[in-house]
Amino acid sequence: MSAVGTVGQLLWKDLVVEWRGREILTAMLVFSMLVAVVFNFAFSPSPADAPRLLPGMLWVTLAFASTLGLSRSFVLEHDHGAIEALRLFPFDPSLIYAGKLLANLLYLLAVEILLLPALAAIAGVPLLASAGPLAVILVLGSIGLVAVGTIFSAMSVNTRIREVLLPVLLFPLAAPVLISGVRAMLSVLAGASWGAILPGLRILIAFDVVFLVVGYVIFEFVLEE
Amino acid sequence: MATLADSEPLDASGGSDWRAGGIWVGGLLAVLGMYMATLYAPTERTMSHAQRIFYVHVPAAWAGFLAFGVVFVCSIGFLWTRRRSYDLAAQASTEVGVVFTTLAIISGAVWGRAAWGTWWTWDPRLTTTFMLWFIYAVSLMVRAYGGPGSQSGRFAAVLGIVGFLDIPLIHLSVVWWRSMHPLPVVVRSEGFGSGLHPAMLQALLVNVAAFTLLYIALSGIRRAQLVAADAVAARREEQRIREGTLAREGTR
Amino acid sequence: MRAIEVEGLTKAFGPIHALRGVTLAVDAGDALVIFGPNGAGKTTLLKTIATLIRPTGGSVRLFGIDPRADVRLRAQIGVVSHQSYLYPGLTGAENLLFAARLYGVSRPAERVARLLETVGLTARAPDLVRTYSRGMAQRLSIARSLVHDPPLLLLDEPYTGLDRQAAGVLTGLLTAMRGTRTIVLTTHSIEQGLALCDRMAILVDGLIAYEAEDGLQDLHAVERIYAECVGVPA
């Protein structure tokens with residue numbers, strides 16, 4: 001089977017299992033909504049404040065929500081030794097990384113599509129005008145989060161502190177995504193042009209490229225014994 | 001009944017004493033460096049004596065980053081060759097590096113407090129050093145809780161590689177973020193004076209050399225400890241197996 | 001040609017040496033059983049042969065080639081582990097189809113149907129594995145290990161916790177493939193192992209303590225040898 005076919009098959013498996021149970025998506029969505037509501041209670045942003053607070057709230061929520069999805073996606077493989085079975089197949093273990101990454105990315109994007117409008121509505125921030133740049137920032141940032149998150153999720157599922165280790169690993173290392181993502185969104189909501197956020201987009205793209213490559217190359221060492 | 005042949009005694013001498021020598025030389029250099037920092041170097045214009053912490057802060061940060069660079073190289077070496085010596089070298093460098101980085105953070109905070117009245121400024125270089133500290137802390141967690149030694153070593157190596165490549169990106173993102181609310185010129189660490197007085201530079205270099213030497217010696221000592229611990233564990237395992245074999249032979 | 005050639009195989013997990021120089025050879029079509037106490041290294045040995053574990057030293061060759069040299073060589077290996085390797089959220093048929101496709105089996109649907117019939121799970125094929133009993137799941141795992149018709153089958157204590165029907169299916173399959181497929185099996189039941197295999201080895205503390213091709217019919221003799229190797233007073 002070709003590499004693309006293999007990744008497709010792996011992705012299909014993840015999506016079918018998730019579709020039947022919908023555990024991951026439900027958990028991520030409910031959690032995200034809850035955090036958004038708590039944030040609103042905590043800060044009670046006025047319409048003037050809201051554009052300043054929204055990006056931070058959004059990215060913190062996404063960071064935590066992504067750890068839910070990332071860890072669940074590898075628990076699926078760990079529980080019945082499925083990951084060992086995957087390592088027995090005659091293909092490059094890096095394709096497992098690609099498959100998981102795509103699945104996690106889809107879950108995260110699905111949550112974002114629902115979360116962002118909801119947050120904006122609650123906080124009273126108009127988003128439609130800047131939908132383009134916001135979408136680009138979200139997509140680039142999400143790719144970065146899952147690129148490193150998938151590596152660390154595969155690692156932490158094998159440890160006895162798996163629920164704690166994944167966020168502890170992810171947050172410092174995904175800092176460039178969180179920092180640049182927030183900063184870029186702040187600028188966009190303040191009315192800045194594409195040019196103003198270009199440095200941030202460059203950082204996000206660089207992060208994505210570096211860690212997609214590193215993840216792909218290093219994944220077999222995470223799985224190997 | 002089989003006789004117990006004497007096995008080779010473990011070498012407990014710790015190898016040649018270059019590490020101890022390194023500590024001596026590094027220590028003396030550090031004393032010289034402290035003298036130069038306090039009495040030799042001229043007083044800085046804007047921050048007066050508070051600026052002298054710079055002679056500890058910068059070399060400590062340098063040592064912390066150097067240590068992480070060594071972790072990076074050893075991590076690659078470990079994943080490539082699977083030789084335990086790389087893993088142990090990475091571990092030693094991590095442990096010593098976190099100490100230097102902690103010193104850098106604390107001295108940076110003290111400097112900030114003394115010079116500008118706040119315990120923390122989100123100066124990009126200080127912030128990046130702080131993030132490095134976090135990555136070190138997570139590395140130690142992975143080594144402690146990451147499963148059996150062979151697995152946690154492998155995971156720590158992956159983290160060493162990912163973390164090292166991340167640092168420049170972290171720095172860039174902090175710099176960009178900071179450009180939104182630039183700190184007043186005098187607060188930025190680049191902002192003191194225009195260039196360093198030669199005596200200041202000399203004091204700085206002596207301290208950098210001292211800290212570098214201390215890092216090399218300390219991580220060398222730590223590595224020797226880890227190697228020795230390994231040898232003891234292996235010897236115990238051999239002993240257990242030998243006893244098992246003898247017991248079996250005894251029942252024949 | 002030798003199906004399996006293991007030479008001086010060592011594996012260290014940090015300071016612990018799980019395998020300390022294992023050498024053995026299995027001809028194509030042979031069935032080898034490996035006995036040994038817990039902690040002897042049986043699982044490590046099997047997983048190293050299966051390419052799941054990277055050896056610290058020594059070599060493994062399957063059909064003359066190092067299986068780690070090329071990922072595609074893994075298609076020659078089938079593994080039955082004490083873990084099921086199944087996804088509870090997929091149906092029985094989907095689990096097998098997934099494996100078949102990733103192994104590049106031609107006409108996967110046909111093959112899956114035939115295998116399901118062999119292990120007696122055709123009726124339950126469209127049900128989620130989550131609803132299977134343990135015995136059914138085990139039968140499915142066995143089918144899964146054969147989906148790509150591997151010339152080499154490795155089984156790690158496959159009878160542990162198996163119900164009677166599943167055990168029967170397994171024994172039937174193993175007996176049927178004797179001579180055509182190379183089998184390596186680890187088990188705690190000496191009686192069971194001897195019934196299924198042509199040669200035996202005893203692994204103790206990471207080394208082969210005893211090997212034999214003959215005299216496997218005499219259960220008591222083998223039990224005595226095992227007791228000696230392991231150090232249990234006879």
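# Helix packing and chain contacts in a predicted model

In chain A of this predicted model, helix α2 (residues 23-43) and helix α5 (residues 94-123) have axes that come within 10 Å and cross at roughly 25°. Helices (H or I, at least four residues) and strands (E, at least two) are DSSP runs, numbered from the N terminus. Axes are lines fitted to C-alpha atoms, for helices over the stretch in contact, and angles run from 0 to 180 degrees between N-to-C directions. The crossing angle therefore makes α2(A) roughly parallel to α5(A). Angles under 35 degrees count as roughly parallel, over 145 as roughly antiparallel, 65 to 115 as roughly perpendicular and the rest as oblique. The crossing of α2(A) past α5(A) is right-handed. A crossing is right-handed if the near helix is turned clockwise from the far one by less than a right angle, and left-handed if anticlockwise.

Now look at the side chains at this crossing. From α2(A) come Ile24(A), Leu25(A), Met28(A), Leu29(A), Ser32(A), Met33(A), Ala36(A) and Asn40(A). From α5(A) come Tyr107(A), Ala110(A), Val111(A), Leu114(A), Leu115(A), Ala118(A), Leu119(A), Ile122(A) and Ala123(A). Two residues are in contact if their C-beta atoms, placed from the backbone, lie within 7 Å. By class, the residues of the α2(A)-α5(A) contact are 15 nonpolar, two polar and no charged. Ala, Val, Leu, Ile, Met, Phe, Trp, Tyr, Cys and Pro count as nonpolar, Asp, Glu, Lys and Arg as charged, and the others, Gly among them, as polar. An α-helix has 3.6 residues a turn, so residues three or four places apart point the same way.

Helix α6 (residues 131-156) of chain A and helix α8 (residues 175-189) of chain A pack at about 175°, with axes 10 Å apart. That angle makes α6(A) roughly antiparallel to α8(A). In α6(A), the residues are Pro133(A), Leu134(A), Ile137(A), Gly141(A), Gly144(A) and Leu145(A). They meet Val177(A), Gly181(A), Ala184(A), Met185(A) and Val188(A) of α8(A). This contact divides into eight nonpolar, three polar and no charged residues.

How confident is the prediction for chain A? Its mean pLDDT is 92, and 100% of its residues reach 70 or more. pLDDT is the predictor's confidence in each residue, from 0 to 100. Among the elements of chain A, α2(A) has the lowest mean (88), and helix α4 (residues 82-88) of chain A has the highest (96).

Val7(A) gives a view of helix α1 (residues 3-21) of chain A, where it is found. Val7(A) is buried, with 21 other C-beta atoms within 10 Å. A residue is buried if 20 or more other C-beta atoms lie within 10 Å of its own, exposed if 12 or fewer, and partly exposed in between, with C-beta atoms placed from the backbone. Leaving aside residues up to four places away in sequence, Val7(A) touches Leu95(A), Ala98(A), Gly99(A) and Leu102(A).

Helix α1 of chain A also reaches chain C. It is part of what covers the buried residues of α2(C), together with α3 (108-118) and α4 (134-145) of chain C. Eleven of the eleven residues of helix α2 (residues 92-102) of chain C are buried, so this helix is largely enclosed by the rest of the structure. Among them are Glu94(C), Phe98(C) and Arg101(C). Just after α2(C), Gly104(C) takes a positive phi of about 75°.

Chain B has six helices and zero strands. Of its 252 residues, 40% count as buried. Among its contacts between residues at least 6 apart in sequence, 81% join residues at least 24 apart. Val70(B), in helix α2 (residues 54-81) of chain B, is buried, with 22 other C-beta atoms within 10 Å. The C-alpha atoms of Val70(B) and Ala90(B) are 20 residues apart along the chain and separated by 7.0 Å. The mean pLDDT of chain B is 83, and 85% of its residues reach 70 or more. Over residues 1-5 of chain B, pLDDT is below 50.

Last come the contacts between chains. The one between chains B and A takes 26 residues from chain B and 27 residues from chain A. On the chain B side, α4 (124-145) and α5 (149-178) each supply at least two residues. The largest share, 16 residues, comes from α5(B). The contact between chains C and B takes nine residues from chain C and 13 residues from chain B.

Residues are numbered from 1 along each chain as its sequence is written, while chains are lettered from A and ligands numbered from 1 in the order in which they are written. In this predicted model, local features need pLDDT of at least 70, side-chain atom pairs count only at pLDDT 80 or more, and totals for chains, interfaces and linings use all residues.
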